[in-house]
Amino acid sequence: PGATPPSSSAGASPRRAQHASPFARGATGRSVLGRIKRVGTSPGLRLSLDSRAGEDRDEVLTQAAIAAHKAGGNKGAEGPGRRRLDAFFHDVYAPFANRHRRLLLAAFALLIAASAWVGSHFEVESTERDMLPANSNLARFNAWNDRFPMTAGISAVNIHFLWGVVGIDRSHVDPGDPDDHGAAIIDPRFDLFRDQEEIAAFCDGLAAPPARNWTSGGEVTCALTAFRAWRFARRAAFPVEDEVDFYAQLSAYLSAPEGFKFARWVGMTPDRRSAEWIDVQAVSSLLPSQHGPAVRGHFAFWEHYAEAMNLVHNFSTPVLQTSPAWKSMVTLESLAKTALWGMACSITFATCCMLAATQDLRLSLFATITICAIVTSLVAAYVLMGRTLGFMESVNLAIVSGIAVDYTLHIAHLYRHSVLPTRFARTQEALGIIGISIFSGAATTLLASSLLFAAYIKMSQAFGATIFISIALSFVYALGLFVPLLLEFGPLPPVTQRRWMLRVSTMTNGDGKTLLNGAARS
């Protein structure tokens, strides 16, 4: 609509117009070929392209196609009332990126390599993360609390040594009940009467080197050493020689005021004539705020210590060591694997979405490279900010791929469906149409996420920083990496679909002015 085709175009073949290239069809359904044919010809004003070759001819054809769009009424980004940002992306940035596309690719390749090197120093969280500012009362209390020696209590990291327990049966655990931890599997071979002297010697060893170096002052909670001291105070022998007398005396001690606090450390049977298990606790020198490698080091020492003690002492059943701290250690280590699997799955899913939206393997590959570069730079930003791999980072790295694909997908979609024949023309048209949209989307998201920087809880601040950095990187990489990739290696329609363009020998409008000159002036 807008330009009335002259009568000289009446001879155009309907069959040829019907089989025109799909990429040559505009938004109104008319083909660019039809528009060029309908603008008319003038024998006196004729532009021959037979002598042109390569990119020079492609550039001429590009300008001619743009002029044909104008003649057909497709204003778009070239309209007289276009906004300044439309003009910037179309007239300024697209030519700049085209001229310096190889320089931009080299610069971003160096940036990605540097980000990968910095990101390789991303470590698992090693200390407990404060959720409140450093000047809050709770943060100050935790900082002072770490300066004092640990004692047995809720805040201490306790190591438990168990006899008579094989493991935990979790086959009937209710996943919806956080208090359902399963049931202990009792080893029927355990004989506390036989092991009384061996376990007491084990407890004495915990208060001596090398185990003492890994405990808080050698503090050990052992029911048998306390029972031994209780027996010695009454001038009785230890170990007790008779099994019936042993369990009777032990039951009496655990019921007495001085031994009542040890009752929960010995699993007496209901008839009080035997014991199913016993627990010995040592207070570790590990601070509650320590995580990651520090906890792994303590776990390795105590695991090796328990194995060595099983060889030294003749226990009826092997001793097992455990601690609540090991759960957090395994959780944090699994976060690293979860982050890797999450990134791999999200990037794969984003690639599939790109492939479905563009139906072009090369565009999908370029988009995947861009997403991977964004994630790599985000990890490098985490390292530079002093952040470590914790729960928040593991979740954020899994979702950032979905955030990173947006702007790249918009540009790729418009590039794929452009009706123009060259890489530059397609990219310029895509930026002219969608450039202002991705800029506005990035600006509003950056503004919204920046408000979280003022949050009181640090978790909200960290989430806001992740969104802010992800959006900024997505915008920069979409224009600085993906666009040069399109300009240098972007896919083009097959030669058979562009042959109609290469056969054009005369392109003039009804006023006797060449389309090339009109396009150049615009």
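**View 1. Strand β2 gives the largest share of the lining of the largest pocket, four residues.** The model is predicted: local features require pLDDT of at least 70, side-chain atom pairs count only at pLDDT 80 or more, and totals for chains, interfaces and linings use all residues. Residues are numbered from 1 along each chain as its sequence is written, and side-chain values use heavy atoms, with hydrogens and water left out. Strands are DSSP runs of E with at least two residues, and helices are runs of H or I with at least four, numbered from the N terminus.

**View 2. Phe-391 takes part in a nonpolar surface patch of about 350 Å².** Patch residues have over 30% relative accessible area and no salt bridge, and nonpolar side chains (Val, Leu, Ile, Met, Phe, Trp, Tyr) are joined within 5 Å. A salt bridge is a side-chain nitrogen of Lys or Arg within 4 Å of a carboxyl oxygen of Asp or Glu. Accessible areas come from the Shrake-Rupley method with a 1.4 Å probe. Helix α13 (residues 391-416) gives the most to this patch, three residues.

**View 3. A cis peptide bond runs from Pro-209 to Pro-210, with omega near 5°.** Pro-210 belongs to the loop between α7 (192-206) and β4 (215-221). Phe-238 and Pro-239 are also joined by a cis peptide bond, with omega about 5°.

Conventions:
Patches are made of residues with over 30% relative accessible area and no salt bridge: like charges are joined within 9 Å, nonpolar side chains (Val, Leu, Ile, Met, Phe, Trp, Tyr) within 5 Å.
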